[in-house]
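Please keep the structure open in the viewer and follow the selections in the order given below.

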Amino acid sequence: MLHEMSWTEAKEYFRENDIALLPVGANEQHGPQNPLGTDYLNAKALAEETAKRTGVLCLQVIPFGVSSHHKQFWGTIYISPETFKSYMEEVCLALNYYGVRKIVVVNGHGGNRCALMEMAREFREQGVFVSIFEWWSAASKLLPDLFKPEERRHAGAEETSVNLVLHPHIVDMENAVDEEPRRHSLQMEGITLPLDTLDYMSSGVFGKSSTASGEKGRAVFETVVDELVEHVNLLKKAKIKDLMQKPKV
Ligand SMILES: [Zn+2]
C-alpha cells in the first residue's frame with residue numbers, strides 16, 4: 001500500500017516498477033440492507049488482495065464517484081463526471097511523474113465507467129496505459145449460473161453476497177428486499193431516458209436481494225480476484241511500447 005510506505009520505500013518501488021493498482025468506488029445508496037460504502041469497500045478489498053498476490057503497489061481507494069442518479073436516497077455523495085475525471089487524471093499523472101506507465105483501475109461503481117473510459121483513451125495517446133476492471137462484469141461471465149439476472153443488478157443478491165463475505169458486520173439481511181423496477185411510461189425499445197433510481201423504485205434494490213449468501217459471495221470474490229491477478233501479472237510483463245497505438249502498416 002502506497003500510504004503505508006515511506007518516501008524512500010516508494011522511491012525503491014518506482015525505480016523498479018512501472019505499474020500500480022488504483023481502486024475507486026462510490027458512496028451511494030445500496031438498498032436498506034447494504035452500507036452506502038459498498039462500491040468503494042469492495043473495490044478496495046479486491047485491489048488490496050490483488051496487490052498482495054502480485055506484489056504490485058496499490059493506492060488508497062478513491063471513495064466518491066459519479067452517483068447523482070441516487071441522490072434522493074439519503075447519504076449519497078455525488079461528484080460530477082467532469083470533476084471525477086480530472087481528479088482521477090491528476091492522481092494518475094502524479095503516479096506517472098514517478099515513472100508509472102501502466103495503471104489498473106479497479107472500479108467498484110458502474111456510474112464511473114464513462115469518465116474512466118474517456119480518461120483511459122486520452123492517456124493512451126500520451127503514453128500511459130490504463131485498464132479498467134469491474135468485478136460484476138467478470139463474475140457474470142465467469143460464474144454465469146451462480147445468480148439469476150434479477151439478482152445481478154444494483155444492490156441485488158450478488159452485490160449483497162460480496163458484502164456478506166467482506167464486511168458482514170455492516171450488512172443487515174433482515175432489511176433485504178426484492179423489488180421489480182417500474183417501467184416508465186415513455187420507455188420504448190431503443191430509448192434511453194435521463195432518469196434517477198427513484199423513478200424506477202422506492203427501496204433502491206434493483207431486483208432480488210433476499211437470496212444473498214456469504215458462500216456465493218466467497219465464490220465471486222475468489223473467482224474475480226483470480227482473473228484480476230492474471231491480468232495484472234500479464235500487464236506487469238508487457239512492454240509499454242507494445243501497448244501504445246500504432247499506425248496501420
Ligand atoms: Zn454497487
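Begin with Glu222 and Arg218: the two residues lie four apart in helix H8, so about one helical turn separates them. The model displayed is a predicted one. With both side chains shown, a salt bridge can be traced between Glu222 and Arg218, whose closest N and O atoms are 3.2 Å apart. Salt bridges with shared partners extend this into one network that joins Glu49, Lys52, Arg53, Arg218, Glu222 and Asp226. Colouring by accessibility shows Arg218 as partly exposed, at 39% relative accessibility. Glu222 also counts as partly exposed, at 30%.

The side chains of Glu222 and Arg53 meet in a salt bridge, at 3.4 Å from N to O. Glu222 belongs to helix H8 (residues 214-237) and Arg53 to helix H2, so this pair ties together parts that are 169 residues apart in sequence. Arg53 is partly exposed, with a relative accessibility of 35%.

Next, stay on helix H2 and select Lys44 and Glu48. Both residues lie in helix H2, four residues apart, about one turn of the helix. What joins the side chains of Lys44 and Glu48? A salt bridge does, with an N to O distance of 3.2 Å. Are these two residues buried, partly exposed or exposed? Lys44 is partly exposed, with a relative accessible area of 32%, and Glu48 is partly exposed as well, with 23%. Buried would require a value under 20%. Across the whole structure, a search finds 13 salt bridges.

Finally, centre the view on the zinc ion. Which residues coordinate the zinc ion? They are His30 through NE2, Asp39 through OD and Glu159 through OE, at 1.9 to 2.0 Å. Along the chain, these donors follow the spacing H-x8-D-x119-E. His30 lies in the loop between strand E1 (19-24) and helix H2 (38-54), whereas Glu159 lies in helix H6 (residues 157-166), so the pair ties together parts that are 129 residues apart in sequence. Select His30 and Glu159 together to complete the tour: both residues are buried.

Methods
Residues numbered from 1 in each chain as written. Predicted model: local features only at pLDDT ≥ 70, side-chain atom pairs only at ≥ 80, totals over all residues. Heavy atoms only, no water. Donors = N, O, S within 2.8 Å, 3.2 Å for Na, K, Ca; no water. Buried < 20%, exposed > 50% of the residue type's maximum accessible area, 1.4 Å probe, protein only. Salt bridge = Lys/Arg side-chain N within 4 Å of Asp/Glu carboxyl O.
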